[in-house]
2 protein chains.
Amino acid sequence: MTAYNAPIRDMQFLLHDVLEVSASDLPGRTDLEPSFTEAILEAAGQLASEVLAPLNAVGDQQGCVLENGVVRTPEGFKAAFEAVKEGGWTGLDCDPEYGGQGMAYVMGVATGEIFVAANMAFNMYQGLTHGAYSAIHAHGTDEQKRTYLPKMVSCDWTGTMNLTEPHCGTDLGMLRTRAEPQEDGSYLITGQKIFISAGDHDMSENVIHLVLAKAPGGGEGTKGISLFIVPKFLVNEDGSLGERQPVSVGKIEEKMGIHGNSTCVMNYDGAKGWLLGDLHKGMRAMFTMMNEARLGVGLQGYAVAEAAYQNAVIYARDRLQGRAVTGAQNPSGPADPLIVHPDIRRALMDQKSLLEGARALTFWGADLIDRGHAGDAQAEGLVSLLTPVIKGFLTDKGFEGTVQAQQVYGGHGYIEEWGMSQFVRDARIAMIYEGANGIQALDLVGRKLALDGGKHVMGFFEMVKGFIRENEGNAALKADFLEPLKAASKDLQSAAMFFMERGMKNPNDALAGSYDFMHLFGHTVLGLMWGRMAVAAQKALDEGRGDAEFYRTKLATGRYYMKRQLPMTATHLARIQSGSDTVMALAAEQF
Amino acid sequence: MTAYNAPIRDMQFLLHDVLEVSASDLPGRTDLEPSFTEAILEAAGQLASEVLAPLNAVGDQQGCVLENGVVRTPEGFKAAFEAVKEGGWTGLDCDPEYGGQGMAYVMGVATGEIFVAANMAFNMYQGLTHGAYSAIHAHGTDEQKRTYLPKMVSCDWTGTMNLTEPHCGTDLGMLRTRAEPQEDGSYLITGQKIFISAGDHDMSENVIHLVLAKAPGGGEGTKGISLFIVPKFLVNEDGSLGERQPVSVGKIEEKMGIHGNSTCVMNYDGAKGWLLGDLHKGMRAMFTMMNEARLGVGLQGYAVAEAAYQNAVIYARDRLQGRAVTGAQNPSGPADPLIVHPDIRRALMDQKSLLEGARALTFWGADLIDRGHAGDAQAEGLVSLLTPVIKGFLTDKGFEGTVQAQQVYGGHGYIEEWGMSQFVRDARIAMIYEGANGIQALDLVGRKLALDGGKHVMGFFEMVKGFIRENEGNAALKADFLEPLKAASKDLQSAAMFFMERGMKNPNDALAGSYDFMHLFGHTVLGLMWGRMAVAAQKALDEGRGDAEFYRTKLATGRYYMKRQLPMTATHLARIQSGSDTVMALAAEQF
């Protein structure tokens, strides 16, 4: 029922007008000229619109079914997965040594947005595999890489991440899955893992599980945790598949959304595993992939909201209901389209201005990750700071956006066949997994702010200041963009200062404001993104280059964000500065 | 899986410490002494916890099924409905002349909250009947009242409201259902209605449909609309059931939530109907019930959030994860309970402070409706102003609350068997039906603000000022309650002033800010509620009366609201004062 069209024009604007990816000196970047990236995005868009989007509702309705120990994916998923593989999409930004195309990560993110927006649940099979690929690529031995990566790059084998257990999610120090060392250097893995996305299914020959477990001698808590590669089928020396391991699906969870993805309880009953990375340093190995994984979830948040938004716009243009207060706009019809009404505009502009800012932030984050991979420590520090914001803020706002889009449909939004409910239900998970958003806020305030002596957050403030200084002479942008950004940045600095002054004496004062800080940061960095986009759009207009209508729309959308969304920073600051007294006032039994 | 306990202590506080219901001079109010209302609330609470709450998940999982033209409700619903009927709950606040108990509406609302929180979908069968009862009671002839009301008070017959058609919801002027006058004074009703809650089911002998339709000669738009009583089975003179009418269920909608309620497409194929109220004045007849119906939906918003909150608290106390940043609080256990963490506190306090404020506002609204019924025009004007706020603000915030409660559960919140997803999915509809919240905002700003020359909103401002003046000497409350309330009220007045100055010249300037105004009003009136509750709690403490712990908790919760929620008014004002330029900047095709 729902439609999806890849926002290619907007992506091209970000890649070339804002990030200027092909002008960068990073390896492989000079290939990324506008015509080349456009061709890639269009091909991805076509696959998304024609193959993946039509399966979105099918996946929701049919879900995954466990039959005789085997997970069956919804009708059409297998054929679509083959189409994605054949198109080479699974290895777009993977290492050419293992069959990847070696493209910049920012291109993987751009095409990723397109696939996620079209069918989030479906894309997870590939997304999880990419995560497992990255872990093995970063920490595996040469033999492990040769054994697993080529098949994972092609998605002939898919991957999973096994962290959570029934009694522990965030607090992995309590995990109980054991790894017993064997004489041949392998381990026998025993334990139960839950919430394993793409844990098993019928679209690949093998599933490569990455499993956190405790091997003897590692001590208490997270220190004793190691990461293991546990394939569903053992792999013979010649690469062919051997014995089926004692790894089984306990059940498929019935979830609120993403029904097309098999979320499994996985039972490991003495399955063979091989250490990935160093013994007892599994947490560190996991953390090196964290920025990418969390950026990927932030992307899910706004990508699903983009799809919801597109449909809300279509509905608002088509549905005739009421008359514009300023006089009929469709006088020959029985009523005006919804889109004439100011409050419908507000809802659509909220979504549009947030989405475009979110895309800019995410692409910028991916660009920073590319720079970090190329050895730019400053970029790596910055993206590490921004990651919890990207994950937490964008998934909260993305979910809100789907709810707003659903609201545009009125009663029809609540009826499943219209498809808007699915967007809401699917988007909801992104606020929870890969570290619930409260954990993102804790990571931001408790860890990232103070990292390397606060260098990265200082760097961010300097960057904002520098941006404002550079563009001060731009009269067209001063009042609409630079001044609101300055005010937001000031609020963010005041909040950081409050934490510094108070957090030492009473850490609760910082933590009680952590969630608001994440949102305050989110708005400020989206303000910066809008500032940058405005500069780029104004420049193109001044130079009389390209599609003036597009650039004017961009500026108008940005003005909305600065006027209507950015004022939230003041409220977040007020909440933060109220400290922890009212937050911690009650005893547990008084709730 | 989820638990529910009626918040009787809190309700008693509102009824007696804050609203002082038994001290009122309204008819029937002197009976409402604390021991009496407590007994009623406890009986309702017991029924809710033991009978209705256990059926909440059942209703969600099984839904309603259409079999051979008959709607089957979920297992156990029929027996539970009998229990509710036998308890006399369906007629608690109905007219004794027709078998009701004649209690104050505020008591109907208090028990209603309990039933809705336990099982929203189930309670709708009774709730819709109450709405239809009120319409017939207000507008019916003596004969109509005698024919229908006794059976509706007892819920032997249930009722429905038929407004929406496939092409029109808000814009009822476009409706197509026809009413052809017959010689015997009846009409033949033909047309299709959608989204008819409790449209048909197997728990009552008859269903009395109230249907909006166009009779000849009424002219265009809403002016030509009349309201008709269309029983599923005709009623013989002796009250027995006669012929089955040509009224049928086209289908049951598959919805995001409230699966236990049968939401039907209803087809009327020349069914006999009788005019209810005046010909061509059906809209007016509907509007007289609007305040109650909308207050009832506002109640749904926060009642479901209350149930979700209670479960989040239980989970936060039980689930061990991580350690308090200020030192282990459960040193003998493997980890501390979630509730030690400041960000979990923030989420719980957000919910608690909002819920208790919402309950106070809703009970106050019900009290005003009681006063209005007794002829107090000022009360009626005030509740008419507050109704869109109660409906729009409380359902938005209630939904947000369910999302926050779900978030406390982490990954388990996303798994259906834990029950938190259902709260979110159920609560979502309250933002949509009975006038989508954007329509509430429009009603507030476009209609209610200016009603009777702005008298009611002025009255509200005077009331706030009066409250602050009266309590100025109360040093314990000044900084924590009175000053924040003053600031919020000032923001609200500034917004109203902005609309007055700008709205005449450009109505879009008012409408673009309508949604923010509804929330700004909501926060301000909740600020007033918290002020009143604080005064009452402080008074009880000063007098050394009752449970000091309860009153101290109340004050602490109120302080949280004033510090952490009320600052939102500044952001809403900033958004409003930005006018409509950025909201209306784009042409429809630029979205």
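## Symmetry of the two copies

Copies are superposed by least squares on the C-alpha atoms of residues with pLDDT of at least 70 in both. In this predicted model, chain B can be laid on chain A by a turn of 180° and a shift of 0.0 Å along the axis, with an RMSD of 0.0 Å. The two copies are thus related as by a two-fold rotation axis, and in chain B the C-alpha nearest that axis belongs to Thr571(B), 3.2 Å away from it.

Residues are numbered from 1 along each chain as its sequence is written, while chains are lettered from A and ligands numbered from 1 in the order in which they are written. Local features need pLDDT of at least 70, side-chain atom pairs count only at pLDDT 80 or more, totals for chains, interfaces and linings use all residues, and side-chain values use heavy atoms, with hydrogens and water left out.

## The interface between chain A and chain B

Taking contact as heavy atoms within 4.5 Å, 95 residues of chain B are in contact with 95 residues of chain A. Because 100% of the interface residues of chain B are also interface residues in chain A, the copies meet through the same surface. Chain B and chain A bury about 7,900 Å² between them, 59% of it on carbon and sulfur atoms, where buried area is the accessible area (1.4 Å probe) that two parts lose on being put together, summed over both. Tyr414(B), Arg564(B) and Phe591(B) supply 12% of the area that chain B buries against chain A, more than any other three residues.

There are six salt bridges between chain B and chain A, a salt bridge being a side-chain nitrogen of Lys or Arg within 4 Å of a carboxyl oxygen of Asp or Glu. Asp350(A) and Arg575(B) are joined by a salt bridge, at 3.3 Å from N to O.

## Domain 1 against domain 2 in chain A

An automatic or database domain assignment divides chain A into domain 1 (8-287), domain 2 (289-435) and domain 3 (442-584). The centres of domain 1 and domain 2 of chain A, taken over C-alpha atoms, are separated by 25 Å, and their contact takes 36 residues from domain 1 and 32 residues from domain 2.

Domain 1 and domain 2 of chain A bury about 3,000 Å² between them, 65% of it on carbon and sulfur atoms. Tyr105(A), Glu113(A) and Met120(A) supply 23% of the area that domain 1 buries against domain 2, more than any other three residues. Five salt bridges are found across this interface of domain 1 and domain 2 of chain A; Arg425(A) forms a salt bridge with Asp60(A), with the closest N and O atoms 2.7 Å apart.
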